[in-house]
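Here is my note on the model, in numbered points. Please read it with the structure open.

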Amino acid sequence: MKKSVPLYMISDSVGETSLKLVNAVTAQFPTVEFDLSYRFPFTKDEAELKNILGDALKDSAVVVTTLVSDNLSQIVSDFGERTGLQYINLMAPFMEIVHQKTGVAPLKQAGVVHKLNKEYFDRVAAIEFAVKYDDGKDAKGFLEADLVLLGISRTSKTPLSMYLANSRLKVANLPLIPEVPLPEQIKNVPKEKIIGLVIEPDVQQKIRTSRLASLGLDENSRYANIDRIKEEVDYALGVYDELGAFTLDVTNKSIEEAATLICEHLDNSL
């Protein structure tokens, strides 16, 4: 039986910071069952915070906070010392180190990272670009893109495009089909910007078979035939060689891992 740990995530803003770290940490404990349903964003009222802490104590929970307010952080600290509630403040220690090192005081403004600045609008523009030029909808997007993803069907081109868009990269992608000629525009894209995605045929077959089943279609169709998949992979590798593309094997890689490797390639080549 798995051990169970309820986590209370308390923030005076959206709460994305704590969720990202919590997901990274909990992934390291596959035999532990974590309850991540206790999320309390935009917590700014002292009485509300105290009630949340009281519930966390009753549930024997671990409290994770990203509170920038000294007053609210102190309430959590005092409560923890008085009751033994286990908690961690993700913001205060780091801000204090930077303050000591630089002499610059932190703003301590909740939600400042989400203000509508240039970075925000660049991210929105990149997401809109990824949607507009998904699956080769408009070939002119290849020449405007920061990055072009190529790959046969079900190699995570679209999820990768959207994930990279959150890093403000304008990404276009194109599915490779042996019977369909490449758009001429793709041949004018600098090779450093072209990423060729590959996947092991047997893994690809499982993915496609599962996809067909989810759609209620015949799992024995040509789409999931191993010989056809091998043919598509060989064709894709030939295209990558012709274009001088950076080739990335996405077999068993998460979207986050693949995106990191792509960004490292861009940093080293552009």
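**Salt bridges, confidence and a surface patch**

1. E184 is exposed, with a relative accessibility of 54% (exposed means over 50% relative accessible area, buried under 20%, partly exposed in between, with a 1.4 Å probe and protein chains only). E184 forms a salt bridge with K187, the closest N and O atoms being 3.5 Å apart (a salt bridge is a side-chain nitrogen of Lys or Arg within 4 Å of a carboxyl oxygen of Asp or Glu). K187 is partly exposed, at 42%.

2. This is a predicted model, in which local features need pLDDT of at least 70 and side-chain atom pairs count only at pLDDT 80 or more, while totals for chains, interfaces and linings use all residues. Residues are numbered from 1 along each chain as its sequence is written, and side-chain values use heavy atoms, with hydrogens and water left out.

3. The mean pLDDT of the protein is 90 (pLDDT is the predictor's confidence in each residue, from 0 to 100). Confidence is lowest in helix 1 (residues 16-26), at a mean of 84, and highest in strand 7 (residues 194-198), at 98. Helices (H or I, at least four residues) and strands (E, at least two) are DSSP runs, numbered from the N terminus.

4. The whole structure holds six salt bridges. In one of them, R228 pairs with E179 at 2.8 Å between the closest N and O atoms. R228 lies in helix 9 and E179 in the loop between strand 6 and strand 7, so the pair ties together parts that are 49 residues apart in sequence. R228 is buried, at 8%, whereas E179 is partly exposed, at 47%.

5. R228 also forms a salt bridge with E232 (3.0 Å, N to O). Salt bridges that share partners join E179, R208, R222, R228, E231 and E232 into one network.
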